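Subject: Structure handover

Hi,

Here is the structure for you to look through. Please open it first, then read my notes below.

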Amino acid sequence: MENLISLVNKIQRACTALGDHGEESTLPTLWDSLPAIAVVGGQVKEAVYTRLCSTKSILTVNGKFPGPTIYTRRGETVCVKVYNKSKYNITLHWHGVKQPRYPWSDGPEYITQCPIQPGARFIQKVIFSVEEGTLRWHAHSDWARATVHGAIVVYPKRGSTYPFPRPNSDVLILLGEWWNRDVDDVYREFLASGGAPNVSDAYTINGQPGDLYPCSKAGTFRLFAFCGETILLRIINAAMNQIMFFSISNHPITVVASDASYTKPLTRTYIAISPGQTMDVLLQANQGPNRYYMAARTYSSGTGVAYDNTTTTAILQYYNVGYNFSHPPSLPTLPYYNDTIAALNFTTRLWSRNLRAYPHDLPLHVTTRMFSTVSVNALPCEAGRTCKGPNGTRLRSSMSNISFVLPRVDILEAYYYHLRGFFGRRFPYLPPLFFNFTAEYEPLVPEIPRLSTQVKILEYNETVEMVLQGTNLVAGIDHPMHLHG
């Protein structure tokens with residue numbers, strides 16, 4: 001244990017000794033000039049923003065919404081110096097970064113670390129091993145990630161390049177959400193009521209709602225392009241829980257990577273992108289020189305589940321063209337909100353690209369098999385309270401009918417310090433009951449989950465096959481899953 005803590009302290013000192021580039025990431029955008037180890041600084045603080053005709057204070061990093069971009073190369077390491085100047089506990093998570101054998105900086109509060117308290121500083125070491133492409137970082141405490149998020153761009157190693165023709169430029173496209181109310185108030189209200197959270201007031205592209213919302217035209221994001229050039233769009237879905245359809249009018253796009261892993265080229269008129277997911281797509285600026293809308297709206301297949309049915313837009317605008325601004329740009333044709341066939345027609349055709357330099361070999365020998373249900377459950381409302389879940393209940397979620405309870409000490413620390421009473425080791429290999437998981441009418445027994453803090457402990461280098469099965473217990477919803485590390 002002393003050796004482990006010594007190693008962590010040594011890494012922290014090494015990162016500190018590298019110095020600080022100031023409040024914002026100052027890493028260059030050309031990967032050939034990136035250093036082997038870089039230090040970026042981030043101040044978590046509130047900033048005032050105006051959207052949808054109203055002004056409010058939001059939580060940000062370095063005052064930016066979306067937050068600053070981290071640029072690095074495959075195989076390199078970045079040390080992030082976080083200074084929490086807000087009034088909230090905060091953690092930052094590097095979504096999709098594997099962090100091999102170094103979970104201490106992964107970020108989820110009370111899992112791999114305790115939150116960074118107001119006024120405190122923390123250095124996080126981020127190891128980029130095999131990732132290459134676009135990822136994202138975001139807060140991993142309460143609902144702070146609604147505004148505390150940004151992009152990570154991982155360029156190929158020095159002297160290497162993409163497995164496709166090098167584009168003329170690359171542009172970040174972050175899909176997000178905006179609430180007119182304070183996001184923390186929205187979060188605490190639905191926790192207290194036991195119901196679903198209020199839907200957002202707008203979706204955004206690079207922090208802007210776009211032309212179709214009130215008081216928003218002046219800020220609409222514009223992507224300028226020369227005729228004939230190829231642009232690599234790095235698209236990130238930073239919305240809270242919504243799968244999004246995205247399209248550009250008159251311009252098919254070709255997906256070449258997802259979650260910092262190269263894919264077989266897939267050309268479509270739209271994409272369906274899950275929350276937290278990233279996609280690198282090639283845009284050929286080969287249409288008539290004009291203005292074209294790019295647009296995004298939600299895909300929601302849950303029956304009786306409320307969702308924001310608005311559409312966010314940005315503008316693709318060709319250079320050196322005399323526009324008739326009396327005519328608005330053309331809108332793309334997006335699939336309808338509950339068009340499951342359209343969603344599946346895209347997602348089932350997204351395949352990994354098995355190249356010699358980027359192998360994707362599936363393990364042939366499985367040492368551990370797990371089957372876990374993923375459910376929306378309901379708890380009886382507390383005496384004297386009014387709850388807004390179905391039939392006056394309180395909504396919960398569960399895996400294998402266990403609804404996770406955050407401990408008071410982070411699990412990783414409790415495990416290494418042999419602290420007792422903070423978590424159990426009995427997360428099951430199988431759910432407690434097998435039934436028709438997608439039937440219209442489900443058994444009542446599994447609707448009420450068990451509240452517990454259970455973990456599954458695995459040996460290093462085990463190969464685990466995990467089957468995740470959604471259920472229709474209280475509400476059958478699409479729920480993308482993400483494994484940290």
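Let's start with Arg-73, which is buried, because its relative accessible area is 3%. Buried means under 20% relative accessible area, exposed means over 50%, and partly exposed is in between (1.4 Å probe, protein chains only). Glu-76 also counts as buried, at 15% relative accessibility. The side chains of Arg-73 and Glu-76 meet in a salt bridge, at 2.7 Å from N to O. A salt bridge here is a side-chain nitrogen of Lys or Arg within 4 Å of a carboxyl oxygen of Asp or Glu.

Two notes before you go on. This is a predicted model, where local features need pLDDT of at least 70 and side-chain atom pairs count only at pLDDT 80 or more, while totals for chains, interfaces and linings use all residues. Residues are numbered from 1 along each chain as its sequence is written, and side-chain values use heavy atoms, with hydrogens and water left out.

How many salt bridges does the structure hold? There are nine. Side chains of opposite charge can pair when their charged atoms come close.

One of the salt bridges joins Asp-142 and Arg-188, with the closest N and O atoms 3.5 Å apart. Asp-142 sits in the loop between strand 7 (133-139) and strand 8 (149-155), and Arg-188 sits in helix 2 (residues 183-193), so the pair ties together parts that are 46 residues apart in sequence. Helices (H or I, at least four residues) and strands (E, at least two) are DSSP runs, numbered from the N terminus. Asp-142 is partly exposed, at 34% relative accessible area. Arg-188 is partly exposed too, at 43%. Salt bridges link Asp-142, Asp-184 and Arg-188 in a network.

Another pair is Arg-181 and Glu-189, whose side chains meet in a salt bridge at 3.3 Å, N to O. Arg-181 is partly exposed, with a relative accessible area of 35%. Glu-189 counts as partly exposed at 36%.

Now find the open sheet of six strands, with the order 10-9-12-17-14-15 and mixed pairing. Two strands pair if DSSP finds at least two bridges between them. Which strands are at the edges? They are strand 10 (202-205) and strand 15 (261-268), and each pairs on one side only. Strand 14 (residues 253-258) and strand 15 run antiparallel, joined by five bridges. Look at Ala-257: its bridge partner in strand 15 is Tyr-262.

**A loop residue**

Glu-382 is in the loop between strand 20 (368-379) and strand 21 (394-399). Is Glu-382 buried or partly exposed? Partly exposed, because its relative accessibility is 37%. Glu-382 touches Cys-387 and Arg-394, leaving aside residues up to four places away in sequence. Contact means heavy atoms within 4.5 Å. Glu-382 and Arg-394 are twelve residues apart along the chain, and their C-alpha atoms are separated by 8.7 Å.

**A surface patch**

Last stop: a nonpolar surface patch of about 500 Å², made by Leu-458, Val-464, Met-466, Leu-468, Met-481 and Leu-483. Patch residues have over 30% relative accessible area and no salt bridge; like charges are joined within 9 Å, and nonpolar side chains (Val, Leu, Ile, Met, Phe, Trp, Tyr) within 5 Å. Accessible areas come from the Shrake-Rupley method with a 1.4 Å probe; for residues, only the protein chains shown count as cover. Met-466 lies in strand 24 (residues 464-470). Met-466 is partly exposed, at 36% relative accessible area.

Best wishes
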